[in-house]
Amino acid sequence: MKLTKSELLLVVLIFLLTLFLRTYKIEDYLFFGYEQGRDAIIVENIISLKDFTLVGPSTSIGGIFHGPYYYYLLAIPYFLGKGDPLSASFFLILLGSISSILIYIFSKQFFRSKIYALLTSLLFVFSFEYISYSRWLSNVSPSVLFIILSFLFLYKYSNSLKQINFILFILFSSLASQFEMIIFPIIVFIVIAMLLFKVIKIPSLKALHISLLVFIIVFFPLILFDFRNQHISINSLTDFILNPKIDENAKTFNPIASFIFQSKLHLQRSLINIENDLIIAISLLLTLVGFILFFTKNRSFGKFILIWAISGLPLIFIGPGNPQNYVPVGIGWIFLIVASVKGWIENSRFKIIGFILIFTIIFSFKNTINNLIQNKNFFFVTIQEDLNLADQRKVLHFLNSDSNGEPYKFLAFTIPSLHPEGWEYLHKYYYPNEAKKKGKFTYIVIEKNVYPIWENKWIADLGKTKLIEEKYFGLLRVQKRIAD
């Protein structure tokens, strides 16, 4: 699709705005916990040619893994940045910012309107959900780019029936699944639903064969790993489906209630970032009615959007409790609400309701900006709200300056318990010559939510020590101890 000069300028401005929001104070606010440290260590081994992994991070199902491409992708910025975690973060932010350009191109083709393409891309730009993914140094983050590409080519296939578009859809959806494996069953649900409701047609036999080959090539590292390890992944998946294990904590778990709860939170983060339930309910009602107005005039496009927007339904059965599982759904909701606005505005009698819906969403942007400024409400932080790169650097600087060049022992009491990978990586990166295991003094960084009973036990395990000094850096506490 060709863009005019004015559109090119507009797209550049959208990209720069996206980049600004996603990089805002990231050098201070970057969340770097044990998973980020673990991943950085694995990437470090790849760069140094010590180990070439066939799998990525583990999923919530034991024996099943995400694909390894995240590690190899991160090898680029970590190599160029000489191990700097900010380089990796900026790289993921760049991918997230490119996504805003794709959203404009996609939505312009879909709605056949520059105005609605601009609205769609701005909703994506200011979506706190997708700002969060860009700022999260995680395997989930790159999936957003490939999700958009996969739906773009699925739409192209539904609109033109060109077989190459279906093959590209399989390619990009397979890549998206490599970064977040739960995307795969969601994509399967979407394809089945779109076939049943005649949004797409069954591809030719040749296209199916090529698509299968593309799928096998993309998944080949995981397939090879499974063969090398007595089919651990296939056996785990089969056991998960045929023999679901219910532990004591899960007996009271209601998957439908969890799905509704997480969907509400996801809607707030993705679009209507407002705490008032009444406003959300009214906005949803207006969205539904507006979409019906759109659907009556655009049935094929409407079915495409609707299936995309409800594609989270399979999560009820396979994982409704994790926020990141809903990553493909929010973009569908953005398209849905733009379609609803279009439905209202093109109805001359109720045009004002479309503008009210737009104003409500724009008004909610202030909460997104506030969250960014205060570095709060990021779903991936959970109970580790004390971790941010600025305070972590202050801790490590204190250790380096206070030790006066003398060797020291460094420990981190962490949440989750005893997973110091993040601290160890940062310590080694910022002060490579000070990464000692022995010395006269022991410095202990204690994260905020470490249980006192475990803190006392771990200190006791060090032997008899005397507390010399205790300091706070933000919410992080540092103890300096000496053997007594």
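## Reading a hairpin, a sheet and a helix pair

Guide: Start at the hairpin of S3 and S4: it has 2 residues between the strands, and Gly474 there takes a positive phi near 65°. Helices (H or I, at least four residues) and strands (E, at least two) are DSSP runs, numbered from the N terminus. This is a predicted model, where local features need pLDDT of at least 70, side-chain atom pairs count only at pLDDT 80 or more, and totals for chains, interfaces and linings use all residues. Residues are numbered from 1 along each chain as its sequence is written, and side-chain values use heavy atoms, with hydrogens and water left out.

Visitor: How many bridges join S3 to S4?

Guide: Two strands pair if DSSP finds at least two bridges between them. Here 8 bridges join S3 (residues 465-473) to S4 (residues 476-483), and the two run antiparallel. For a pair to click on, take Tyr472, whose bridge partner in S4 is Arg477.

Visitor: What order do the strands of the sheet have?

Guide: The order is S1-S2-S4-S3, an open sheet of 4 strands with mixed pairing. S1 (408-413) and S3 stand at the edges with a single partner strand each, so one side of each is left without a neighbour in the sheet. S1 is joined to S2 (residues 441-446) by 6 bridges, and this pair runs parallel. Within it, Lys409 has Thr442 in S2 as its bridge partner.

Visitor: Which helix lies across those strands?

Guide: Contact means heavy atoms within 4.5 Å. Axes are lines fitted to C-alpha atoms, for helices over the stretch in contact, and angles run from 0 to 180 degrees between N-to-C directions. Helix H22 (residues 452-461) lies across S1, S2, S3 and S4, running at about 25° to S4.

Visitor: At what angle do H9 and H11 cross?

Guide: Angles under 35 degrees count as roughly parallel, over 145 as roughly antiparallel, 65 to 115 as roughly perpendicular and the rest as oblique. The axes of H9 (residues 163-179) and H11 (residues 205-218) cross at roughly 20° and come within 9 Å. H9 and H11 are therefore roughly parallel to each other.

Visitor: Is His266 buried or exposed?

Guide: Buried means under 20% relative accessible area, exposed over 50%, partly exposed in between (1.4 Å probe, protein chains only). His266 has a relative accessible area of 0%, so this residue is buried. His266 is found in helix H14 (residues 255-270). Leaving aside neighbours within four places in sequence, His266 is in contact with Glu129, Tyr130, Tyr326, Val329, Gly330 and Trp333.
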